[in-house]
Amino acid sequence: MLDAADLSARLHEIIGAHLGLEGPLLPILHAIQAEWGHIPDPAIPVLANALNLGRAEVHGVVSFYHDFRTTPAGPTVVKLCAAEACQAQGGRDLIAATLRAFGLSTYGTTPDGKVTVEPVYCLGLCACGPAALVNDRLLGRATPATLREAAR
Amino acid sequence: MRIYVPRDAAARALGADAVAEAILAEAARTGLPVDLVRNGSRGMVWLEPLVEIETRSGRTAFGPLTPEDVPALLFEDITTHPKALGPVEDIPWFARQTRLTFARVGLIDPLSMPDYERHGGLSGLRRALAMTPDERLDEVKTSGLRGRGGAGFPTGVKWGTVALAQAPRKYIVCNADEGDSGTFADRMLMEGDPLTLIEGMAIAGLTVGATRGYVYIRSEYPDAIHQMTEAIRVATSHGLLGPSLLGQGPAFDLEVRVGAGAYVCGEETSLLNSLEGKRGTVRAKPPLPALHGLFGQPTVVNNVISLATVPWIFANGAGAYKDFGLGRSRGTIPLQIAGNVRHGGLFETAFGMSLGEIVEDIAGGTATGRPVKAVQVGGPLGAYFPPSKFATPFGYEEFDGQGGLIGHAGIVVFDDSVDMLQQARFAMEFCAVESCGKCTPCRIGAVRGVETVDRIAAGDPSALPLLVDLCDTMRDGSLCALGGFTPYPVMSALTHFPDDFARQREAAE
C-alpha cells in the first residue's frame with residue numbers, strides 16, 4: 001500500500017513541477033501514473049484543490065481516458081491491436097490465442113497478477129500487423145511465440 | 001563507414017534495434033570505424049529493417065535484415081550480399097512516388113539541423129519571413145492545400161480566419177492524434193523528419209500572428225513523442241524557435257502534449273478540450289476553433305501532414321504544388337497501404353491514382369495470395385470498397401461521390417476470408433467504446449448498433465431495416481464525425497456485401 005505521507009510529498013512535487021503549464025491536468029495525471037502505475041484515489045482531492053477544480057471534474061477526466069488506471073496493472077502489460085488493419089492480418093486470432101495462453105477469458109489481469117492483457121486501437125504499425133506492445137517493446141507481425149518471448 | 005538503420009517504430013517493431021546493436025558490436029569487436037545514423041523509414045515496411053550503407057557512389061540498401069546478416073554486410077563484398085537492394089531511389093516502388101512532404105523522411109538524420117538544412121530545410125520559412133502577411137496567406141490559398149486529417153477543409157481559408165481575428169493570444173495546434181487504423185503517415189513524419197513539422201508550424205504562426213503552438217500526440221506513439229520532443233529542443237537551440245524565428249521574425253514556442261488513449265480526441269474540438277485538461281468531449285460548432293479555440297482564443301488546428309507540407313509549398317512555390325493532383329484535390333497525398341497486402345507502407349503520390357492501381361499494382365494484392373474482398377479507405381469511419389469500385393480515382397470529391405471518404409488516406413486491404421457482418425459490428429463496437437458520450441445518437445446509437453447487428457447475425461430479418469434507420473439517425477444527428485461517419489463502414493458493408501448479412505440468416509434458419 002502507498003504510504004500517505006510519501007504520496008502527499010511526492011504528489012505536491014509533481015503538481016508543483018507542472019503548475020506553470022497551460023491546462024496542466026493531463027500532464028500531471030501522466031506523471032502520477034508514471035510514478036505509481038495508476039492514479040491513486042487519495043490524489044484526486046489533492047489535485048482538485050491544487051487546480052481549483054471540483055473532485056468530480058478531476059474524477060471525470062481520470063475516468064474519461066482509457067490510459068488512466070485506478071488500480072495498478074500487472075508488471076507485464078500486453079497491448080494487442082484490435083483495430084481493422086491488424087484484423088486483416090490475423091489480429092482476431094492472435095487476440096484469442098493470447099488470452100487463451102494467459103488463461104484469460106477476456107481482457108484483464110491474470111489471477112496471479114503478473115500479466116495484464118488489453119486491447120489497443122492502433123499502434124501505427126498497420127503494414128506489419130498484427131501489432132502488439134509488450135511493456136515498452138513494439139512487436140510487428142506478432143505471433144503467440146514472439147509475444148510469449150517478449151512477455152517473459 | 002556511415003550506416004543508416006531506421007529508428008522508425010515499424011522498423012523497430014521488426015527488429016531494427018537488434019540490427020543496430022549487432023552493427024555496433026561488430027564494429028567494436030573489429031575496430032571498424034562506423035558512423036551509425038538512426039534515420040526515419042523509407043516507407044517500404046515489408047523490407048524493414050532496411051539498412052543503408054553510404055559508399056563512394058551513393059547509398060545502397062539492404063533488407064529485410066536480421067542481426068545474422070550483419071557480419072557479411074560489414075566485411076564482405078556488399079554488391080553480392082543476398083539482401084542487397086541497390087539504391088533506394090532505384091527500387092521501383094520508391095521510384096514511382098512523388099515525394100514532396102516525405103522528401104527527407106528516411107534520407108536525413110531526423111534530429112540534425114545541419115542535415116536538415118543541407119536537404120532544403122528552412123528555405124520555406126526564410127522565404128516566408130521575407131514576404132508580407134498577405135503574400136503568405138495567398139501562398140497557402142493558391143497551393144490548394146486542404147486538411148489532410150480527413151476533413152479536406154482549405155488550409156488557407158482556415159488560416160485567413162485566424163489571421164483576421166483580433167485577440168490577445170492565438171495558437172497553432174497540431175493534431176497528431178492519428179488514431180485511424182491503417183494510418184501511420186503522421187507517425188512516420190514525426191519520427192523521420194520532425195523539423196519539417198516544426199518549420200510548418202512556425203510558418204503558420206508567422207502567417208496568422210500566433211506565438212505559441214502545441215503538438216498533441218497520442219500516447220500510443222512513444223517514439224514520435226520522443227522524436228518531437230528532441231526536435232523541439234534542437235530547433236530551440238538553433239534559434240528556429242524561441243523569442244524570434246531565426247532571429248528575424250516574431251516569437252514562436254512549441255510544446256508537445258500527450259493524449260491519453262481517447263480516439264475521439266482526434267476530433268479537433270475534443271482535442272482542444274483535452275489540451276485544456278478537460279474530458280475530451282466534443283464542442284458544438286459554431287463557434288469555430290478558428291475564432292474560439294484553445295482557451296477561447298483564435299486557433300489554427302491542422303493535421304501533421306497539412307502543416308508538414310507547408311515548408312515545401314513555401315520553398316518551391318504554391319504553383320509547383322498546385323500543379324500536382326486532380327480536380328479540387330491538389331498536390332500529393334501520402335497513401336498508407338496496410339492490412340493484408342504484399343507491399344505495405346507509405347507511398348506519396350499526386351492525387352488521382354485509382355484505388356485499383358493502388359491495391360493491385362502498388363500493394364501487389366494480398367499477402368495471403370487470396371483474392372481481395374474489401375478495402376477500407378479512411379480509417380474506422382471510412383467505407384468498405386468492393387473491387388467493383390476500384391476505378392475510383394483517389395481524391396476528396398471522387399471518394400465522396402462513391403459513398404466514401406479518403407480520410408487520412410489509410411488503405412486497409414482484406415482478403416476473401418473477411419466476414420463483413422463482423423466488420424460492421426466492429427465499427428459499431430468501436431464507436432461505442434470511443435464515444436465521448438455528449439450526443440445521444442452516438443452514445444446510445446452505437447450500443448444499439450452492436451445489438452442490432454447481433455440480431456441480424458442471429459437470423460432476425462426485421463433487424464435489417466432497423467440498422468439502416470439507426471445509421472440514418474447517427475449520420476444526421478451526431479455532433480461529430482465519430483457518430484456521424486460510423487454509418488459509412490456499416491452501410492457500405494451492408495450495401496456491397498449483402499451475402500454476408502444474408503448468409504447468417506440462412507445459417508440460423
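**Figure 1. A hairpin in chain B links strands β12 and β13 through 5 residues.** This is a predicted model, where local features need pLDDT of at least 70, side-chain atom pairs count only at pLDDT 80 or more, and totals for chains, interfaces and linings use all residues. Strand β12(B) covers residues 332-339, and 6 bridges join β12(B) to β13(B), residues 345-350, with the two running antiparallel. Strands here are DSSP runs of E with at least two residues, helices are runs of H or I with at least four residues, and both are numbered from the N terminus. Two strands count as paired if DSSP finds at least two bridges between them. Look for Thr332(B), which stands opposite Ala350(B) in β13(B). β12(B) also pairs with strand β16 (residues 410-415) of chain B, this time in the parallel sense over 4 bridges; here Gln336(B) faces Gly410(B) as its opposite number in β16(B). Since 8 of the 8 residues of β12(B) are buried, the strand is largely enclosed by the rest of the structure. Buried means under 20% relative accessible area, exposed means over 50%, and partly exposed is in between, using a 1.4 Å probe and protein chains only.

**Figure 2. Strand β7 of chain B is covered on both faces.** On one side sit Arg212(B), Tyr214(B) and Tyr216(B), and on the other Gly213(B), Val215(B) and Ile217(B), all of them buried. β7(B) has parallel partners to look for: strand β6 (residues 171-176) of chain B pairs with it over 6 bridges, and 6 bridges join β7(B) to strand β8 (residues 253-258) of chain B. To trace the pairing, go from Val173(B) to its bridge partner Tyr214(B) in β7(B), then from Val215(B) to its bridge partner Val256(B) in β8(B).

**Figure 3. Ile108(B) is a loop residue of chain B, found between α4 (92-95) and α5 (113-118).** Is Ile108(B) buried or exposed? Ile108(B) is buried, with a relative accessible area of 0%. Leaving aside neighbours within four places in sequence, Ile108(B) is in contact with Asn39(B), Gly40(B), Asp115(B), Tyr116(B), His119(B), Gly192(B) and Asp193(B). Contact means heavy atoms within 4.5 Å.

**Figure 4. Chain B is divided into domain 1 (2-90), domain 2 (113-322), domain 3 (325-415) and domain 4 (420-508).** The contact between domain 2 and domain 4 takes 10 residues from domain 2 of chain B and 7 residues from domain 4 of chain B. Taken over C-alpha atoms, the centres of these two domains are separated by 35 Å. The domain bounds come from an automatic or database domain assignment.

**Figure 5. Chain A has an open sheet of 5 strands in the order β2-β3-β1-β4-β5.** The pairing in this sheet is mixed. Which strands are at the edges? They are β2 (108-109) and β5 (137-139) of chain A, each pairing on one side only. Further in, 6 bridges join β1 (residues 76-81) to β3 (residues 115-120) of chain A, which run parallel, and Lys79(A) stands opposite Glu118(A) in β3(A).

**Figure 6. Helix α6 of chain A, residues 91-101, has buried residues Gly91(A), Leu94(A), Ile95(A), Ala97(A), Thr98(A) and Leu99(A).** A handy background point is that an α-helix has 3.6 residues a turn, so residues three or four places apart point the same way. What covers the buried residues of α6(A) includes β1, α5 (84-87), β3 and α7 (144-151) of chain A. Just after α6(A), look for Gly103(A), which takes a positive phi of about 70 degrees.

**Figure 7. Chain A is divided into domain 1 (4-64) and domain 2 (76-150).** The C-alpha centres of these two domains of chain A lie 30 Å apart. Chain A has 7 helices and 5 strands, and buried residues make up 53% of its 152 residues.

**A note on labels.** Residues are numbered from 1 along each chain as its sequence is written, chains are lettered from A and ligands numbered from 1 in the order in which they are written, and side-chain values use heavy atoms, with hydrogens and water left out.
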